[in-house]
Amino acid sequence: MATHNVKKIGKQETEVQTVHSVWEVMKPFVHFGLKATGLIANTLITIVKNIPKPDNHKQPEHKINKIIKI
């Protein structure tokens, strides 16, 4: 006699299969998120490194002695 594969409403798959299938679906999004976070972090580090320090605004000594006549 043929066996019938009857699925009952509300019956869930085993936990191992569910976690595996969820990871397969979410893996590209997780990969994209990590790459995007790394890109943003590197950009912020570069911006902070290129901000001039407050001490750099002082003029060098050789420019102080110049007189501009109008």
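What share of the 70 residues of the protein chain count as buried? In this predicted model, where local features need pLDDT of at least 70, side-chain atom pairs count only at pLDDT 80 or more, and totals for chains, interfaces and linings use all residues, the share is 0%, with buried meaning under 20% relative accessible area, exposed over 50% and partly exposed in between (1.4 Å probe, protein chains only). Residues are numbered from 1 along each chain as its sequence is written, and side-chain values use heavy atoms, leaving out hydrogens and water.

The protein chain contains two helices and zero strands, taken as DSSP runs (H or I of at least four residues for helices, E of at least two for strands) numbered from the N terminus. Its accessible surface is about 7,800 Å², and carbon and sulfur atoms account for 64% of that; the areas come from the Shrake-Rupley method with a 1.4 Å probe, and for residues only the protein chains shown count as cover.

Helix α1 spans residues 15-49 and includes Phe29, which is exposed at a relative accessible area of 56%.
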